[in-house]
Amino acid sequence: MATETPSSTYEFGEFRIDTLRMLLMRCDGEIIPLPPKAFDVLRIMIGSEGRVLTKDELLNEAWSGTIVEEGNLTQAISVLRRALGETRSDHRYIVTVPGSGYRFVAVVREVAPDVNDLSDNTSTPIATPQPASVFSSHEVTTAKNNSVSGTHQLRWILLVPALLLAAFGVYFAYSTWTTPPAPLPANVAEVRSIAVLPLENLGNQTDDEYLGVGIADALITKLSNIRRVAVRPTNAVVNYTHAKPPLTAIGSALKVDALLDGRVQRSGDRIRVTVQLVRTGDGVPLWAETFEDRFTNIFAVQDSIARKVTEALTLVLSGEEQGLIFKPLTENANAYEAYLRGRFFWNKRSGDGLQKGITYFEEAVRLDPEFALAYASLAESYVLLNLYGSEYRRDAFPKAREAAMKALSLNNALAPAHTALALVKLEYEYDWAGAEESYRTAIELNPNYATAHHWYAEYLSFVGRFDESIKNIELAFELDPQSLVINTVRGYPYMRSGRCDTAIGYFKKALEMEPKFALAHFYLGKCYVEQKQFSDAIKEQLAAISASGESAAFLAALSFAHAASGNRVEANALLNKMKETSRRSYVSPYSMATVYAGLGETDEAFKWLDKAYGDRDYQLPTIKNDIHFEHLKDDRRFAQLLERIGLPSPRSG
């Protein structure tokens with residue numbers, strides 16, 4: 001550890017501090033008066049080696065032996081920031097680390113103690129800055145006892161001969177001029193991927209729970225328009241809403257270079273958002289700031305955060321990117337609040353969550369009929385409703401189309417709206433060319449939109465373009481490596497192209513992430529059927545049912561596995577169960593066709609496939625290479641069905 005020089009003099013930026021005489025000066029010789037405790041806090045921070053100092057550390061060191069409140073420290077920091085010329089948006093020296101304390105980010109240099117010796121006036125950067133313990137409270141007390149009070153000290157300094165002040169000025173100017181510029185606190189050039197974590201909600205009302213996820217989701221939407229930085233989608237971070245491991249661990253799990261983390265607090269009509277951008281490799285903050293305004297100005301707060309992030313990453317945005325990021329989503333605060341609540345429920349990805357999301361999105365567009373992003377979210381909700389919901393909605397896809405078209409009429413650059421429209425064209429209208437065009441448009445508008453790559457990969461598998469499918473699902477995986485569904489679908493094109501050995505590897509990897517993920521068990525069971533490992537297939541389909549309930553698709557797959565194994569009794573028992581269920585609620589006709597196909601009852605299978613076509617069953621576009629219908633492919637009715645839904649025959653291409 002370095003030993004403090006007799007003068008205990010250090011430089012940072014345009015300032016010089018003499019810890020022995022308790023002076024803060026500019027390098028041109030101007031004295032900056034500071035209260036004693038503010039000086040003590042600065043002295044401790046100067047010797048902190050650039051690490052984050054907790055509030056307790058600063059209170060214990062600066063107010064040793066004295067019982068004080070946190071407000072004393074806050075006041076001292078505020079005094080220091082004014083003295084150092086920091087503005088609300090420019091923290092060159094002291095950075096607030098939310099939830100932790102403060103960090104001194106300027107480079108500290110030890111300077112020669114003899115101001116009259118200009119023959120040796122080098123200013124050497126300290127390779128290992130002295131820790132706070134070097135500047136002990138005992139030394140400060142001794143220094144105080146050996147010097148006059150702060151007021152008399154200042155008067156004494158002002159009486160120093162002009163020649164000495166001139167010498168100070170010449171020395172400081174020369175020393176600063178010969179010192180290389182201070183580097184940035186972290187290598188921002190390495191940041192090419194970030195994740196925005198749900199903000200911790202400090203409000204007392206549970207009704208404000210939506211704010212943390214909603215604001216994060218809105219920031220993700222804005223920042224995702226930056227093409228040079230990959231931003232993880234909301235569903236990748238929503239699990240960190242309540243329990244947050246160390247940021248470095250989150251960064252490693254999400255495979256990102258930086259995290260945007262923070263807190264939000266709403267009190268009446270005021271909102272305060274504190275955020276920090278942290279490099280995940282070592283936890284070093286790149287930037288931190290607090291924003292406070294009326295809730296009606298939350299749009300400006302979010303725009304300011306997005307702007308500050310781009311500045312912290314030293315990104316120069318194109319005009320198009322600026323237009324997408326900073327264009328107001330809505331001017332109606334109530335509509336925006338409804339939208340944030342809707343996104344909170346949409347991200348739960350459950351039937352109940354989607355339905356609640358729809359309610360809030362509809363309220364948002366009622367309050368602001370020009371709110372394009374709310375229409376896009378409405379479309380996203382409706383296209384997923386029959387997949388996650390417990391009841392079948394025949395109007396889901398028509399309503400999704402209506403909302404998507406309205407969104408695009410207001411803002412044709414919304415990738416989520418194009419993606420939702422693509423799914424409508426594919427699963428409801430069987431407009432394969434139109435669906436592909438919409439997927440391509442979404443990806444062109446936002447190459448970092450993982451969902452567009454994911455859904456497009458499935459589309460490409462449906463039509464048999466497996467190499468392209470693999471390319472797009474891998475792109476989706478790079479953008480959202482923690483997504484369970486994307487990790488599972490990585491095996492999908494291999495399964496559909498008959499390469500089940502490879503597919504099984506991906507499905508098992510997904511189950512290592514989450515052993516109860518039903519979709520991975522479902523696909524794994526289908527692969528085992530193809531490999532005639534029927535006991536394993538039955539085991540996997542039972543696991544899928546155990547994980548998510550007795551959905552028609554999982555019951556049908558289990559029945560098929562039993563029938564393929566020769567156990568027709570159990571297969572028929574499951575068929576009867578599905579028939580009984582159909583008397584109370586909707587059962588997918590595609591799933592019923594699966595069971596009859598497994599039992600070898602071909603006519604019944606085609607009867608239910610015809611019904612699936614009439615119902616616009618969302619599973620029907622998957623039929624071309626579905627393992628369950630492999631033995632129906634030689635029947636002319638199969639080719640006719642593919643022609644009706646716009647797919648080429650599996651025997652012809």
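Let me begin with a definition: two strands pair if DSSP finds at least two bridges between them, and strands here are DSSP runs of E of at least two residues, while helices are DSSP runs of H or I of at least four residues, both numbered from the N terminus. What you have above is a predicted model, in which local features need pLDDT of at least 70 and side-chain atom pairs count only at pLDDT 80 or more, whereas totals for chains, interfaces and linings use all residues. Residues are numbered from 1 along each chain as its sequence is written, and side-chain values use heavy atoms, leaving out hydrogens and water.

I will start with the sheet. Three strands form an open sheet in the order β4-β6-β5, with antiparallel pairing, and its edge strands are β4 (52-54) and β5 (94-97), each of which pairs on one side only. Between β4 and strand β6 (residues 101-104) the antiparallel pairing runs over three bridges, and Thr54 stands opposite Gly101 in β6. Helix α2 (residues 55-62) packs on this sheet and touches β4 and β6, where contact means heavy atoms within 4.5 Å. The direction of α2 makes about 70 degrees with that of β4, with axes taken as lines fitted to C-alpha atoms, for helices over the stretch in contact, and angles running from 0 to 180 degrees between N-to-C directions. Helix α3 (residues 70-83) also packs on the sheet, touching β5 and β6, and its direction makes about 145 degrees with that of β5.

Next, a pair of helices. Helix α7 (residues 209-223) and helix α12 (residues 333-346) pack with their axes 8 Å apart, at an angle of about 95 degrees, and they are therefore roughly perpendicular to each other, a label that covers 65 to 115 degrees.

Finally, Tyr428 is found in the loop between α16 (415-427) and α17 (432-445). Because its relative accessibility is 28%, Tyr428 counts as partly exposed, the class between buried, under 20% relative accessible area, and exposed, over 50%, with a 1.4 Å probe and protein chains only. Leaving aside neighbours within four places in sequence, Tyr428 is in contact with Phe397, Pro398, Leu423 and Arg616.

Technical notes:
Angles under 35 degrees count as roughly parallel, over 145 as roughly antiparallel, 65 to 115 as roughly perpendicular and the rest as oblique.
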